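Colleague: I have a model open and would like to go through parts of it. Can you take my questions as they come?

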Amino acid sequence: MTGFPALAVEGLRHAYGDRLALAGIDFQVDSGEIFSLLGPNGGGKTTLFKILTTLMKPQGGDARIFGRSVVSDAAAVRENIGVVFQEPSLDPKLTTLENMIHHGHFFGMRGRQLRDEAMTLLVAFGLKDRAGDLTETLSGGLRRRVELAKALLPDPDLLLADEPSTGLDPGARLEFAAQLQRLRNERGTTIVLTTHFMEEADRSDRVGIIDEGHIVAIGRPGELKESIGGEIVIIQTNYPESLSEKLNDRFGQEAPVVDGSVRIEIPRAHEFIAKVVDAFPGEVDSFSFGRPTLEDVFIQKTGRNFRGALEKAPWEENAG
Amino acid sequence: MIVFFLSAGTLWKREIVRFLRQRSRIIGALGQPILFWLLLGSGFGESFRPSGAGASAGYLEYFYPGILVMVILFTAIFATIAVVEDRKERFLQAVLVAPVPRSAIVLGQALGATTLALLQGFILLAAAPWTGVPLTAASVAAAAGVMFLIGFSLTSLGLAIAWRMESTQGFHSIMNLVLLPLWILSGAVFPAASAHPWLGWVMKINPLTYGVAWLRRALYAAQPEVVADLPGVGISLAITIVFGSISFFMAVRHAEKSEG
């Protein structure tokens, strides 16, 4: 496996009719990395995931997993990847262990050894007591855990997870993240996951922010956040447009309106706020300021609020 | 090769286990054919005198092999609806991203459904003594073989359709449009000889006609004179095998194109 990056995406392009889902994107993930693809639904994540897991052929470009093309060498790619689907791919009428055993067979595992390895994983994921239960009786969090255990059974070198945190409560989300960390540390598994949760992206080694089919930013979460100069100030006011203009006139400060509030990126934000409140008495209803988050990176690169972007693109759910 | 057989085998077993765990499916699978046979057979029996094959027998007896094929057809339909549901439940997606040949997936599904169809067929076969069909050990063995091939063909046809379908609703409409007429016009319900000439032609080009004829011949192995004017064993065997193979390869092709 040495010599090749775990994943190399090269000029990947795909459209559904007129809608460009992937506009020719490039990025690499090194072996042993935890890499998040952060973006709103409809941004191209699901399409990318389907192509990387060999479920769909791209219209242009290629992706290589440990050097093998998902387009021309899908069978070899499938031996190397473990996949965690957003909707766990479990048979509800089979028990946890039966689901594992069936999955092992698909990879040529069998007999006593398969059973032992399946049980070892179930024990490791705290599922031993539920091994004999039908998966339809498990909670969403537990099902996700079975899905992860199942994906790891053939010991893949690359784990691809589609929105693994969706539908989990915050506790289960943290736990799932810890399991991925442990997995990488103990087995050296490379992990690529898609997410629309900032915190989840924050916990990974590197993040690619994807929007409208483009990778708009890529790097370590810390670097991305530092790329924004200073701090972020959000001002709530009844007249955001006029305040935005006034700030520009008076202080030469860019202050775009995002989602009905005035948003400013500036170093030494506390001093600036004091000046604003003095200069325009009565116009500031409330303000907040803080260190930049990945959401701020998204806003800076796209000019849109992440949640606004979330609401605007339901089309990919139909396509997916 | 190991992966091929392990995968087909494990999918076959899964179909059986799923069936046995759903009590409503078991009850429906067993109750429906017997109910249909009794209701339709006795209802038509008074007003409908088949000519040609089985003319000497009552309609209950004539209809009996037809019901056997219907059981197989319904099981095949049911099992293939499961493919569409699998895609909704996402189980199949995990199989599609595993290094499993698509042909192994389709083979496992087809064999699983065929086994269930055979299981039901055997239960109905146990009712043969009440119908006047003269069963012997040899005719049961022959009938089992024929039912297996018919089952495999119909299941493969169902799978070929199901692998293209996005919803179970779509599958139902295709089923009503294709699969049920296939059965009705196979000589299972009425003999070709008693049908309008153009219908007789449709029945002649219906591949299932030959499966049904072959099944009748197998069941009446002890009284070949009853089924003398049906298509011969040779042509029936050939057409059923060709029909099954084409359906199977169509299903594999559609599975290869599927995105899950």
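Modeller: First a term: two strands pair if DSSP finds at least two bridges between them. Also, this is a predicted model.

Colleague: OK. In strand 7 of chain A, which residue is the bridge partner of A:V84?

Modeller: A:A161 is the partner of A:V84. Strand 6 and strand 7 (residues 158-162) of chain A are joined by four bridges, and they pair in the parallel sense.

Colleague: What holds strands together in general?

Modeller: Strands of a sheet pair through backbone hydrogen bonds, in either a parallel or an antiparallel way.

Colleague: And what is the strand order in the open sheet of chain A?

Modeller: The order is 6-7-8-3-9-10, six strands with mixed pairing. Strand 6 (81-84) and strand 10 (214-219) of chain A are the edges, each pairing on one side only. From one strand to the next, the twist averages 15 degrees.

Colleague: Which strands does helix 5 of chain A lie across?

Modeller: Helix 5 (residues 140-152) lies across strand 6 and strand 7 of chain A, at about 170 degrees to strand 6. Helix 6 (residues 170-187) of chain A lies across strand 3 (34-38), strand 7 and strand 8 (190-195), at about 160 degrees to strand 8.

Colleague: Switching to chain B. Where is the kink in helix 7 centred?

Modeller: On B:M175, with a kink of about 45 degrees in helix 7 (residues 168-188) of chain B. B:M175 is also one of the buried residues of that helix, which include B:F171, B:L179 and B:W183.

Colleague: What covers those buried residues?

Modeller: The cover includes helix 3 (59-89), helix 6 (137-162), helix 8 (197-205), helix 9 (207-219) and helix 10 (233-257) of chain B.

Technical notes: Residues are numbered from 1 along each chain as its sequence is written. Chains are lettered from A and ligands numbered from 1 in the order in which they are written. This is a predicted model: local features need pLDDT of at least 70, side-chain atom pairs count only at pLDDT 80 or more; totals for chains, interfaces and linings use all residues. Side-chain values use heavy atoms; hydrogens and water are left out. The bend at a residue is the angle between axes fitted to the seven residues ending there and the seven starting there. Helices (H or I, at least four residues) and strands (E, at least two) are DSSP runs, numbered from the N terminus. Buried means under 20% relative accessible area, exposed over 50%, partly exposed in between (1.4 Å probe, protein chains only). Contact means heavy atoms within 4.5 Å. Axes are lines fitted to C-alpha atoms, for helices over the stretch in contact, and angles run from 0 to 180 degrees between N-to-C directions.
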